[in-house]
Structure formats: C-alpha cells, structure tokens
Amino acid sequence: MDAFDLIIQGGTVATASDTFRADVGIRNGKITALADNLSGATRTIDATGKLVLPGGIESHAHIEQESATGAMTSDDYYTGSVSAAFGGNTSIIPFAAQHRGQSIDDVLDLYHSRASSKSVLDYSFHLIVSDPTQEVLTKGLPKAFEGGITSFKVFMTYDKMIVSDEQMLDILVTAREHGALTMVHAENNAMIKWMVKRLIDRGYTKPPYHAVSHPAAAEAEAISRGIALASYVDAPLLIVHVSSEAGANLVADARRAGKKIFGETCPQYLFLEADDLDREGAEGLKYVCSPPLRNKQTQEDLWRHLQAGTFHLYSSDHAPYRFDETGKLSNGPNPPFTQVANGMPGIELRAPLLFHHGVNKGRITLNQFVAYTSTNAARLFGMHPEKGTIAIGSDADIAIWDPALTRTITADGMHDNMDYTPFEGHSLTGWPVTVLSRGEIIVDQNKLYAERGRGQFVHRRPFDPVGYSSPTPPEMNPALNFGARLLD
Ligand code: URP
Ligand code: ZN
Ligand code: ZN
C-alpha cells in the first residue's frame, strides 16, 4: 500500500511563522509528512513555483441569513461555500442569527439544517444574540457552547438587534463563564438615528448620506463602551469590522494595556472608499454597508494597524444582496439610503485582495498573510491546530497559490449568487489555483470537484485565554467584595 494518498510536490510551504521548501504528504485527510522528496503516493500534485498555504478560514460571513429587516442574503450554504472555496478558503464560520422571540435551540437547528445539506466546506457558526432572556442566558447559550458554538455576536446598533449595556454585560459574563468569545458590531445607535433623522428631514436621501449618518465618532464611542463593559467583567471581546482610525486606535490602546480585546478589519475598508457611494444613478447602493466606507487616509491608517498587529482578523463580512428587487432594490429602484439592505459580497476576493495589495506590494509578509487569512481565526475560534496551519496531524486543508497569475475581477467570474462585485475591474496578481479540504481536491484550475453537503460541522473548543490574560478588575475580586462572587 502507498504511504500517502496524495503528495503535493515541489512547492513552497508557508505558515503563520515559517516559509520553507517541502513536499506535503497526506493520508486519510491529514497531513502526515513534511519533507524533501517524498514518494509513494496514489496521486501527486506538482506545486513547483507555487505557494502551499493553509486553507483560508472565513470567520465573518452572512450566508443564508435573514437580516434584521427580514431581507435574505442571496447566497445559501452551497453558493456561499463554493464561492469561498474558489477564494482559497477551506472553512467558514457564518452567523446563526437569533431574532427576538426565537429560542437558541430553534436558531441552531435551523442553521444546522441549512448548512449540513449544502456546504462544500467545513463550517461552524457564531450565534448572534438579540434577545438575551434568562432562558437564553441559563439554558440556550450553555447548550450552544456544549454543542461546539463557542463565539457569538451582539449588536450595539440596529433597533431590531441591539442589546442594552446591561444585556451586554449579562452576555459577556455568560460567555466568560463558559469560555466563549463575544464579538460586537460597535456603532452608537442614538448618534446614527439622530443624524439619519436630520438628513432625511432635509431631503438628503442619496447613498453618500449613509456614510454621513454613520460617523467614525459613532464607531469610536461604541468601541470604547464595548471595551469598558468587557474589561469591567474581565471578558474577552472581539470588535468586528473596525472601519476607522479612531476605532483602531482604541483597539490598539486596549491591547497595549493588556486587555483581552481583539480587532478585525475587512477588505472594503482597505480597498474601497466613501466616494464609491456617489457613483452614477443608484449604483452607489451597491456600496452601502455598516460601518460605512471611509476615505483614502483611513485606508492608510488601517494598513498601518494591520502591519502593527492591532488586528487579529481580516474578514470579508460577506453580506450579499443582489442589485435587484430581491436585494438592494427591494424598496424600489431608487430607495433612500435608510431603506437598502446593508452589506456587500466579498468572500471569494478577501484573500486574493490581501495577497495582491499586501504581500505583492510589500506591506505585509507572506506569514502575516497566512495569519490574517487563516491561522488567527483558527486560534481565536477554537479550531487550531486541526485547522489553520500546515503541520503533521493537521487536517489537509490547503490552498495552492500561483503567485504569478494575474486576473481581472468580473461579477461573471465569481461563483457566488450575486449580480455584481464591488471590485469589478480590479486586476490582481496571486490566486489560489488548487484547494484541498481534508485531503480532497475540491477546486482545481477554476473547476469545482466538491459534492454539495460534503462539508462537516466543526465542533469548536472554548476560547483559549492563555496568552491573552489580563488581571481580574479589582472591583470584581471576591476578596475585596465581602466574599461575593459577582461574576458568577
Ligand atoms: O453592512 C453590513 N456589514 N451588513 C452585514 C451585517 C453586519 O453588521 O455585519
Ligand atoms: Zn456587523
Ligand atoms: Zn457582518
């Protein structure tokens, strides 16, 4: 019998820490050897001149999810995961959204049934909690943790999803107790609503006013409050889709102070800008997302923070709504900015955009690229080392990249269920050409080989605070509180 099912020969392997020349031997879906000149396989892939990288882990995507306003994303778990696979990803962690009145059991049953029959990639979910009743806090969330869902998102904005500060503290403490990681969409709801009203009252309804109504100050206020709440109860907190310099500075300050605060930014904040909202006719609606696009200076500020390590994650925030009556234009051909689904697609382009603008332009190293697109997500979300690295014993989740391949982005060339891409016409060098999931070739030379529903649910471990520790705040220390255990 052959020693390996598959050998990837002659490539350059890169992890979050090292780059080296090695063949990769794979058996039973696992990496079993890394060495020079391996032989004895049923099948080989010639990776000469190519990069052999851990498959990407997309940890911020809205797939087959109803938004707060009831709009359904255009991608289901099949098209969303296929598009992710063509973008070099091998795992996805989209959201399972609790809308008010829903039990956590019902939400998770629904999303498990949506994903299990369709996903071509391994998957998990972050739970969105919008209704933290006692039942949810004491039964729903603990059961979700036991079921391997060890992270969830809360919103500090959107009337139908927002949690109050008290509710957020309840959620943070529950998460802390079980070892879960809380994620937050941080924008100040009142600041946004106040400005929206003033703009609409004065007749300013076009897409660029979406950005005016979501100022960086609203993001900074909410991030600052989120950090204060999490630090107060000594709970870890991940600030998702940070879009502004003020927001990034707050994350950096908190990290410097030793707090368990993590940050994520997204391609749209690095590669697009608020001027895109001012495109011809209704075209600007394609660029409405929250937080909104900012300006060129902010792009540079966010790059600086990415280079400096402020952010742990770089995610697409894939929130696909088509440019038709099922999506962006569901309230007519020219809706006011307040009546358009927020979000844009990007799951397939996340990693190629960072490779081209980051690695090729010398802004980040190849190893940082691997960390931002794969390893850090695996670590933060309890999937490492099975996922997120190339090591003996890890799942053979691998993307083979051609660093010299240049392609121009078109909506037709994407594999999602969208009718536009915000990155139309951008030319990128460096693309994944072959993608393996648990040793199985699922994408090769722009062709899909994956069977619908082949993806497996990943039962994630709790958030691991080792290396992320900060002291328990004095006011929460039982010894100083007459023996009261305030965090239980
Ligand atoms: O506009 C966006 N980002 N829509 C998706 C939902 C969210 O807040 O992440
Ligand atoms: Zn969000
Ligand atoms: Zn999102």
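Modeller: In this predicted model, the zinc ion (ligand 3) and the zinc ion (ligand 2) are 3.7 Å apart.

Colleague: What makes a residue a donor to the zinc ion (ligand 3)?

Modeller: An N, O or S atom counts as a donor within 2.8 Å of the metal.

Colleague: Why is the site of the zinc ion (ligand 3) called tetrahedral?

Modeller: Four donors count as tetrahedral if all angles lie between 85 and 135 degrees. The four donor atoms here give angles of 89 to 133°, and the site is therefore tetrahedral. For reference, the ideal angle for four tetrahedral donors is 109.5 degrees.

Colleague: How are the donor residues of the zinc ion (ligand 3) spaced in sequence?

Modeller: The spacing is H-x1-H-x254-D. Histidine 62 lies in the loop between strand 8 (56–61) and helix 1 (77–86), and aspartate 317 in the loop between strand 16 (313–314) and helix 11 (350–360), so the pair ties together parts that are 255 residues apart in sequence. Both histidine 62 and aspartate 317 are buried, a term that requires under 20% relative accessible area.

Colleague: Why are strand 5 (30–35) and strand 6 (41–46) called edge strands?

Modeller: Four strands form an open sheet in the order 5-4-1-6, with mixed pairing. Strand 5 and strand 6 each pair on one side only.

Colleague: How do you know that strand 1 (residues 4–9) and strand 6 pair?

Modeller: Pairing requires at least two bridges. Strand 1 and strand 6 have five bridges, in the parallel sense, and therefore count as paired.

Conventions:
Residues numbered from 1 in each chain as written. Chains lettered and ligands numbered in written order. Predicted model: local features only at pLDDT ≥ 70, side-chain atom pairs only at ≥ 80, totals over all residues. Heavy atoms only, no water. Donors = N, O, S within 2.8 Å, 3.2 Å for Na, K, Ca; no water. Tetrahedral: all angles 85-135°; square planar, octahedral: opposite > 155°, others 65-115°. Helix = DSSP H or I, 4+ residues; strand = E, 2+ residues; numbered from the N terminus. Buried < 20%, exposed > 50% of the residue type's maximum accessible area, 1.4 Å probe, protein only.
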